[in-house]
Amino acid sequence: MSEHSHYTRMIQRAQPIALRGAPLVGNLFEFRSRRLELQLRVLRECGDLGVMRIGPVPVHAVSSAELAHQILVEHADAFVKSRGLGKIARPMLGDGLLTSEHELHRRQRKLIAPAFSHRRIGAYATTMAELTERAQAALDDGAVVDVAHEMMRLTLSIVGKTLFDADVAGEADDVGAAITAANHYVSEAVSRLPTPMWLPTRRNRQARRAIATIDAIIYRLIAARRAAGVDLGDVLSTLVMARDEETGQGMPDRQIRDEAVTLFLAGHETTANALAWSFHLLGRHRDVAERLAAEARAVLGGRAPTMDDLSRLPTALMVLKETMRLYPPAYMVGRQAERDVPLGPYTLHKGATVFVNIYAMHRRADYFAAPDEFRPERFAPEREKLLSRGAYLPFGGGPRICIGNHFALMEGQLLLAALAQRLRFEPLDDRAVEPEPLVTLRPKGGLPMRVRRI
């Protein structure tokens, strides 16, 4: 045996570093109550790949761009979604794109893709701008508002109109409460022993009410679209009219419901959080806020932004991308191996659970200089090209990358520019805002700020 092959076999037999934890429960309590700190600790103490225990279950934590690329891109077909979304979220999301697997996922993604073509997305820009103008006009100078709540309401109205050609603004509070309840249910369920949804526990009752509220809206929209029988230019029209190339069959109402609920939730929750965190950071960095406002006023001159303006509003896009680096809406991505998979110098065995530690990767000093600082200029086009492949994953990666990523980027850029030329949000004090890692990363307790018109 050569020295090289002997060395290779030794590396392949090596084990990842195990994160210290408590007897029996391992890192369960940290995962439940200090999740982000745990994600940073596993990077700090274990490096690129570590193993922690959530109760009796070992979980591999990947915190490097190279290994993340192997999981999400190179060996994507070897994995399915982990228990968090794959099982616990199924009562809410059904077999939508976030939870479906293998051939069903590929077929559904192909059917839905035309709804997110460049032409379709461009047609949504006017609606986004109009609804943003309406929302900002309702904010009084000097008023204290919960920016997180306001962004949720705004993106809810946008997703209702652009994806479903419906006005859900009047139902925003009910839908928002339902989404929050579902968000808490899934987040808590990931870190506790699973209980069947039919058991009459308080959490299960809240989750069932949340699902019923959202279902009532979605099924009403599906029925209206089927009755219309024409393409109204929205995503729901695409779902209702889509036909399989081989069989010619369309989607049943239940499948449309699952895809619509998935898009409905993902289409406003993540963008709303990214916008809320953006205004939080802009409130703490007045120089960046003034630069963004000056650019927006110079380009727009007081009018609403259009799709054609995006190329002349680079600061808004850089602010959005840097915000999603510091506060990624999807702060971790979980997978389960369906077969043995090579992972760097290790082998991940069939059945192993692994998560890509996006929150910690986005704060690695070897990927991002001064990683805890808010520096939008790091996403200037010429500098963004220099980032390590797989180091920046706000939308995941590989064949399961978020299908609405371009929609979300356009929406966030348009909204930031439209609002920045009219007003700014000022922090009420210097207290730190704590992130709340639910299914997405929210500002815990909301984000009260003062409106200042400019």
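These legends accompany close-up views of a predicted model. Local features need pLDDT of at least 70 and side-chain atom pairs count only at pLDDT 80 or more, while totals for chains, interfaces and linings use all residues. Residues are numbered from 1 along each chain as its sequence is written, and side-chain values use heavy atoms, with hydrogens and water left out.

**View 1. Helix H13, residues 253–284.** Helices (H or I, at least four residues) and strands (E, at least two) are DSSP runs, numbered from the N terminus.

**View 2. An open, mixed sheet of six strands.** Follow the order S1-S2-S3-S9-S6-S4 across it; two strands pair if DSSP finds at least two bridges between them. S1 (17–18) and S4 (79–81) are the edge strands, each with a single partner, so one side of each has no neighbour in the sheet.

**View 3. Strands S6 (residues 333–337) and S9 (residues 353–356).** This antiparallel pair is joined by four bridges. Look for Arg 335, whose bridge partner in S9 is Val 354.

**View 4. Helices H8 (residues 118–137) and H18 (residues 405–420).** Their axes come within 10 Å and cross at roughly 35°; axes are lines fitted to C-alpha atoms over the stretch in contact, with angles from 0 to 180 degrees between N-to-C directions. Contact (heavy atoms within 4.5 Å) involves residues including Tyr 124 and Met 128 of H8 and Phe 407 and Met 410 of H18.

Conventions. The expected span of a helix is 1.5 Å times one less than its number of residues.
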